[in-house]
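Dear colleague,

Please find below the structure that I am handing over to you, followed by an account of what was found in it. I would be grateful if you read the notes with the model open beside them.

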Amino acid sequence: MTRLADIAAINPRLEVRPSPDAPVSFVAMASVDADSGSTRRGESRRFSDTAKGYTQFKNGDILVAKITPCFENGKIARANLTHELGSGSTEFHVVRPDQNRADPRYVLHYLRQPNIRIDGTRRMTGSGGQRRVPEAFIAELDIPLPPLAEQQRIADALDQAAILRQASIAAREKLNRLRFSMFLDRFGDPAQNIRQWPSVRLGDLVFAIESGHSPVCHDRPAEGEEWGVLKLSSITSCEFDPSQNKALPAGREPHVRAQVRPGDLLFSRKNTRELVAACALVRETPPRLLMSDLIFRLQLKPNAMVNSAYLHALLTFPSKRRMVQELASGSAGSMPNISKSRLLELPIEVPAVAEQNAFVAAIEKLESLLDANAASMRRLDELLRSLQYRAFRGEL
């Protein structure tokens, strides 16, 4: 075992200052893919445009988002840039492994373990949307250090598991694109509404927007007869994932009114700009799961003349979701938040119920495939966690 700071430079300074016109790859926080553990290539800029007020790094460095909720969302990735030099958000910690001692892929897989995110979240300093993982937490991490050849073997095995997971994510994206295409064919783009469907306020369709509570919970999912409180990641993909919850401590009284039920339409009111306004329809759910205070439940009126599955498809259609995300407000540095009052004013396009029902029937098989994909993703996540656990304990 060794400290990470003994085998990697943490937030290193530039060794040589580039010329003002030198090209760099600019990487915003949104360019970090939490699923793949990689970044986009980055937008080409001149060094002089990013020399001040940004984090500097190199191609191949590991970027660790330090601010909430990006760190908890798993934005820990290896820079995959067009240019040798990169610049980006000041909310990155940079980890540059000494490649004579540590394989960068091995270090990346180590940092992407769920327990690292849990421990890092506990060590955050600051308040509200300004909480950050301190540099000292990264530097002082104890990492097992087998010989380089063994690190590379472990990284290869974890890479293969990650590739399987990415294939499942790609399949889900294709299914969602097909759903969007079917929606577009039948209803047109809701942002333009060229078919002139009637439009009403969301407040005219719901009799309540409820939210739950966020008590201090265990850093593990609920087991057996325990109650669980949903994490935001339970709906981030716009598909309901009940495994993403935290166990309510024994003796803590659950708010039963916030229990998740089949048929619920759940909505994330607060998250990063790219993830806020996720919406998921609960088709099936285990018992004893509760909403958190960051999740709304949209309760439709019995005579609302809108199908909940249609409303889910509408709110997750890309152009409509961007409209909903524009409702989010917040001061600089805080997480965007959508208030109930603003959400109630959202215009909703309402085709005839027969049209909605025909669309829902047409995508029923597609939804079954998405449910199967979600189950597969949960199994792959369990496999990857198991492999990570064994790999860094010398059991792989």
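**Sheets and aromatic rings in the predicted model**

In this predicted model, 3 strands form an open sheet with mixed pairing, in the order E16-E15-E19. Strands (E, at least two residues) and helices (H or I, at least four residues) are DSSP runs numbered from the N terminus, and two strands pair if DSSP finds at least two bridges between them. At the edges of this sheet are strand E16 (245-247) and strand E19 (289-290), each of which pairs on one side only. Strand E15 (residues 228-230) runs antiparallel to E16, and 3 bridges join them. Gly-228 has Ala-247 in E16 as its bridge partner.

As to conventions, residues are numbered from 1 along each chain as its sequence is written, and side-chain values use heavy atoms, with hydrogens and water left out. Because the model is predicted, local features need pLDDT of at least 70 and side-chain atom pairs count only at pLDDT 80 or more, while totals for chains, interfaces and linings use all residues.

A further open sheet has 4 strands in the order E6-E3-E10-E7, again with mixed pairing. Strand E6 (43-46) and strand E7 (55-58) are its edges; each has a single partner strand, so one side of each is left without a neighbour in the sheet. E7 pairs with strand E10 (residues 85-88) in the antiparallel sense over 4 bridges, and Thr-55 stands opposite Gly-88 in E10.

The structure also holds 13 aromatic pairs. Rings of Phe, Tyr and Trp (its six-membered ring) pair if their centres lie within 6.5 Å; planes under 30 degrees apart count as stacked, over 60 as edge-to-face and the rest as tilted. Phe-183 and Tyr-310 form a stacked pair, at 5.9 Å centre to centre and 15° between the planes. Phe-183 lies in helix H5 (residues 148-187) and Tyr-310 in helix H6 (residues 308-316), 127 residues apart. Buried means under 20% relative accessible area, exposed over 50%, and partly exposed in between (1.4 Å probe, protein chains only). Phe-183 is buried at 2%, and Tyr-310 is buried at 1%.

Tyr-310 also pairs with Phe-187: the centres are 5.2 Å apart and the planes at 70°, so this pair is edge-to-face. Phe-187 lies in helix H5 and Tyr-310 in helix H6, so the pair ties together parts that are 123 residues apart in sequence. Phe-187 is buried too, at 3% relative accessibility.

Yours sincerely
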